Amino acid sequence: MQRKNLILYLALFLGAFFAAFTISSLHDKHLQHEKETLREKLIDEAKAYFRSIVSTRSWNAHYKGVYIEKIDNIEPNEYLQENHFIHEDKTYIKVNPAWMTRMISEINNQKNHVKYKITSLNPLNPKNKPDSFEQEALSYLEKHTDEEFYYTFFDKNNTKSFKFIGKLSTERSCLQCHQINGYNEGDIRGGISINIPNDSYYESIENLEKHSKKYNWFVYIVIYLLAIVVAIVVHISQERKELNKKLTQQIQENELQTDIMLTQSRQAAMGDMVSMIAHQWRQPLSTISMDVNNVLADIEFKSLNDNELRENLESISKEVYVLSSTIEEFKEFFHPKNEKEHIHINIIMEELIRLTEKSLQYHNITLTKKVDATCLIHTYVQEFSQVLLHLIQNAKDALIKHRSDNRWIHITLDKKPNNEIIIAIEDNGGGIDENIVDKIFEPYFSTKEDKNDKGLGLYMVKTILNKHLHGTINVSNTKDGAKFIITMKIESCDE
Amino acid sequence: MTDLVELRTKLKKYSVLFVDDEESIRFSTGRFLKKFFNSVDVADNGETGLQSYKNHTHDIVITDILMPKMNGDIMAKKITELNPDAFIVFVTASRDHEEYDGVAKSFKVTKPLSFEVVQEMIEKIAQMIE
């Protein structure tokens, strides 16, 4: 049992661990996915910037550069051909896509959080020189011609940023400016570097991670608590099962004990019965044997005559019938029927007196009865008779032990209005020692010296009365003896 | 085994009192005793037995022990008080050895009396009465 429990709890613990692990790793996967989505969003944002810049540049390139009125302090671009013209006193300066990009980026970079810059490994304008990331990115894109973008997430010295470069390839329209650099159509010429400050992104990630950590703890704790609850429930239910098993076992043992006692008391009752039969048989046996002796003596004296022989044989026949009917009566009386019967209570009383009469007479005991009701009762007759018989036997034993003359047993039967009958069995056999009067109904308690007496008689009387006959029994001492009083519920008492 | 006929001749002059509370036993035993003794009286308890003895002073008293009103042993004691030489045979169902106080001449047989036991009883009476 202990071993089984240990295995069970271990399985429960491992199960909980795997469940928690599975849930948290699923959650981690989800977190990873969330992070990915956030990255995708950043990348998409960068791509959108890039494309919009490229579109603006295409527009510029399509018109082979645009001219803007010279304001502020901008000067014509020295790297461009036909870099300006003057019309009606105003100077118009040519702006090519690269310069336009720079100018737009300068405005943008002042106003927006997203910064971008045009750059090239081979810049016409030294201001467009690439930084280390840009150099790395452009070199990569030069090698991998099928890729359009290069990006990386920086996390250095507490500054977290997302850097992105989109590739600018050489188109026909570009060559008007860039032919001098030796570019061919399709060559990589540079890129737009986009720098998106991504505090909010990392904040979200951090939040997600923090949340995820909390979530994992929560999952682990909840699952372990559940496992503990399950373990406790299992433990309690096992305890209860164990307890129930023990209880059932005890009940079975008790029932067995009661069965054994019932058997023992039946055996004792059987012994009583045999002794009563012996008393009943004494007279007929003596008569038969004297009848036989008469016949044998007549034979010896050669004086046998038909009349006397017939008389003797008729007497023998009569006594044999008495023997046989005694056996029948006892058999009937002690035959366990295990079902209730309808019987007049005074029939039971009379039967009882007839059966005990001889053995009581033998000990000079007078049995009297006073029955004030002739109830038709519905009960277990054999068990009821056994109870009364035992009480009479008990009285008889007390009388033999404690009294030499004027021995008597008196039985009374009264009816109460509330469907109860009261049977009192009183004797003048000296009564019960006050010190043991509380114990006489306990099993294995006996004052008798007979070693065959197991001390179960009164216990069984009480048990039978309580369990089968809806009755109770009490005892009290009278002037000269003891008085047992049985109170029994009966279904009805039709007189 | 002594000849029963011989015993009958020997005992024919004596009178006997038989005391038992069972009518059928009184009848069958009385009938048996009549085959041996001169006269047989019967009584159904110690009291009537004692009364009968007072009237007839039987040579032999054969009695049961457990009886209503007066037991055989009490009656025997009272008879011995009247006549210290009284001869009493106890017929009892009990196989226990019992001493009967205050009775000088007596013996005991156990019921039921088989033919063998009853012959022994008659023989013993014949021996003791002389």
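**Conventions.** I number residues from 1 along each chain as its sequence is written, with chains lettered from A and ligands numbered from 1 in the order in which they are written. Because the model is predicted, local features need pLDDT of at least 70 and side-chain atom pairs count only at pLDDT 80 or more, while totals for chains, interfaces and linings use all residues.

**Largest core.** I looked up the nonpolar cores (sets of buried Ala, Val, Leu, Ile, Met, Phe, Trp, Tyr and Cys residues joined through C-beta atoms within 7 Å; buried means 20 or more other C-beta atoms within 10 Å of the residue's own, with C-beta atoms placed from the backbone). The largest has 38 residues, and Leu391(A), Ile425(A) and Val461(A) touch the most other members. Elements giving two or more residues include helix 7 (345-362), strand 9 (365-371) and helix 9 (457-468) of chain A. Helices (H or I, at least four residues) and strands (E, at least two) are DSSP runs numbered from the N terminus. Helix 8 of chain A gives the largest share, 10 residues.

I then checked Val461(A) for contacts (C-beta atoms, placed from the backbone, within 7 Å). Beyond four places in sequence, Val461(A) touches Val387(A), His390(A), Leu391(A) and Ile473(A). Another core, of 34 residues, lies apart and includes Tyr53(B) and Ile125(B).

**Sheet.** Strand 2 and strand 3 (residues 90-95) of chain A pair over 4 bridges; Ile86(A) has Thr91(A) as its bridge partner in strand 3 of chain A.

Notes:
A residue is buried if 20 or more other C-beta atoms lie within 10 Å of its own, exposed if 12 or fewer, and partly exposed in between; C-beta atoms are placed from the backbone. Two residues are in contact if their C-beta atoms, placed from the backbone, lie within 7 Å. Two strands pair if DSSP finds at least two bridges between them.
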